[in-house]
Every structure is written in structure tokens, then in C-alpha cells.
Amino acid sequence: APWRLESHFNALSLYQDTHRQRVKIGIVTPLCGIHDFGEFAEGREGMRMRWMTHLTAVLRGSFGDADYLVVHPRPADVAADPGPAWPDITGCIGAIEARLGPPVFRDDRIVVFALGSARR
């Protein structure tokens with residue numbers, strides 16, 4: 001989390017190949033502000049995006065078989081600067097920490113929180 005709809009602003013599609021792990025897209029609306037380009041409301045009818053999950057659902061404990069939540073506070077520079085469309089993730093890290101505890105890893109690009117069996 002988060003992600004961008006246009007692939008030229010988004011390196012997340014490359015992570016699955018790099019990590020050789022199944023990667024889901026994290027929808028940050030409304031926890032990290034309202035972003036209606038490429039995101040959808042959690043309760044919206046007719047949306048069957050099984051490889052996407054809402055951050056609010058993760059914080060409620062609904063994360064399926066996911067082991068980690070990886071948060072990208074700033075966009076990866078793929079081809080261009082996404083400008084103001086990148087959500088202010090730093091503003092909602094506190095809410096994530098309050099629910100999931102401190103991150104298990106943090107550097108200048110990502111903040112990683114353990115989920116499920118990874119928390120034990």
C-alpha cells in the first residue's frame with residue numbers, strides 16, 4: 001500500500017517477480033485520505049478484486065493469509081514523478097502502528113508490519 005493505477009508510476013507490479021511472493025494491492029482510502037482515482041470504497045457492490053485489499057480491513061484483522069503489510073511512504077521513481085496524487089502515508093502510519101504494533105522493518109523506502117502468523 002498504496003498503489004497507482006498507471007503502471008509507469010508504479011513499481012509494485014515488479015515486486016511480485018522480484019520477491020517471488022504473491023503481492024496484493026493495498027487500498028488506503030479512507031484511512032490515509034480519500035483517493036478516488038484507481039481506488040474504490042470497501043463496501044462497494046460488484047467489485048471482485050481478489051488481489052486487492054483495503055487497509056481498513058487489514059487493521060480490523062481481515063488479511064487472509066498475508067504475512068506482512070508493506071507500506072510505501074513515498075513513491076518509487078519508475079518513469080515519472082506521480083505528483084500530489086500519492087497519498088500522504090506518513091499521516092496514517094500512526095494509526096497502523098496503534099493497531100498492528102511497531103514495524104518489524106523500516107528504511108527510507110518501506111515500512112513493514114507483521115500480520116497473522118508472522119506476528120508470533
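Analyst: What follows is a walk through the sheet, the helices and a few single residues.

User: What should I know about the model and the numbering?

Analyst: This is a predicted model, so local features need pLDDT of at least 70 and side-chain atom pairs count only at pLDDT 80 or more, while totals for chains, interfaces and linings use all residues. Residues are numbered from 1 along each chain as its sequence is written, and side-chain values use heavy atoms, with hydrogens and water left out.

User: OK, the sheet. What is the strand order?

Analyst: The order is E3-E5-E4, an open sheet of 3 strands with antiparallel pairing. Helices (H or I, at least four residues) and strands (E, at least two) are DSSP runs, numbered from the N terminus. Two strands pair if DSSP finds at least two bridges between them.

User: Which strands are at the edges?

Analyst: Strand E3 (68-71) and strand E4 (105-106), each of which pairs on one side only.

User: How many bridges join E3 to E5?

Analyst: There are 4 bridges between E3 and strand E5 (residues 111-114), and the two run antiparallel. Within that pair, Val70 stands opposite Val112 in E5.

User: Which residues of E3 are on the covered face?

Analyst: Leu69 and Val71 are on the covered face, and Tyr68 and Val70 are on the uncovered one.

User: And what lies across the sheet?

Analyst: Helix H3 (residues 93-100) lies across E3, E4 and E5, running at about 20° to E5. Axes are lines fitted to C-alpha atoms, for helices over the stretch in contact, and angles run from 0 to 180 degrees between N-to-C directions.

User: Which residues of H3 are buried?

Analyst: Ile93, Ile96 and Leu100. They are on the same side of H3, because they cover an arc of only 60° around the axis; the arc is that of the directions from the helix axis to the C-beta atoms. Buried means under 20% relative accessible area, exposed over 50%, and partly exposed in between (1.4 Å probe, protein chains only).

User: What do they pack against?

Analyst: The buried residues of H3 pack against H2, E3 and E5. Contact here means heavy atoms within 4.5 Å. Leu100, leaving aside neighbours within four places in sequence, is in contact with Leu59, Leu69, Phe113, Leu115 and Arg119. Just after H3, Gly101 takes a positive phi of about 90°.

User: Which residues touch the most other members of the largest nonpolar core?

Analyst: Of its 17 residues, those are Leu69, Val71, Ile89, Ile96, Leu100 and Phe113. H2, E3, H3 and E5 are the elements that give two or more residues to this core. A nonpolar core is a set of buried Ala, Val, Leu, Ile, Met, Phe, Trp, Tyr and Cys residues joined through side-chain atoms within 4.5 Å.

User: Switching topic: how many salt bridges?

Analyst: The count comes to 1 salt bridge, taking a side-chain nitrogen of Lys or Arg within 4 Å of a carboxyl oxygen of Asp or Glu. The side chains of Glu97 and Arg106 form it (3.1 Å, N to O).

User: What about Thr56?

Analyst: Thr56 lies in helix H2 (residues 55-59) and counts as buried because its relative accessible area is 18%. Not counting residues up to four places away in sequence, Thr56 touches Pro30, Leu31 and Glu42.

User: Last one: where is Ala118?

Analyst: Ala118 is in the segment after E5. With a relative accessible area of 24%, Ala118 is partly exposed. Beyond its neighbours within four places in sequence, Ala118 is in contact with Asp67 and Tyr68.
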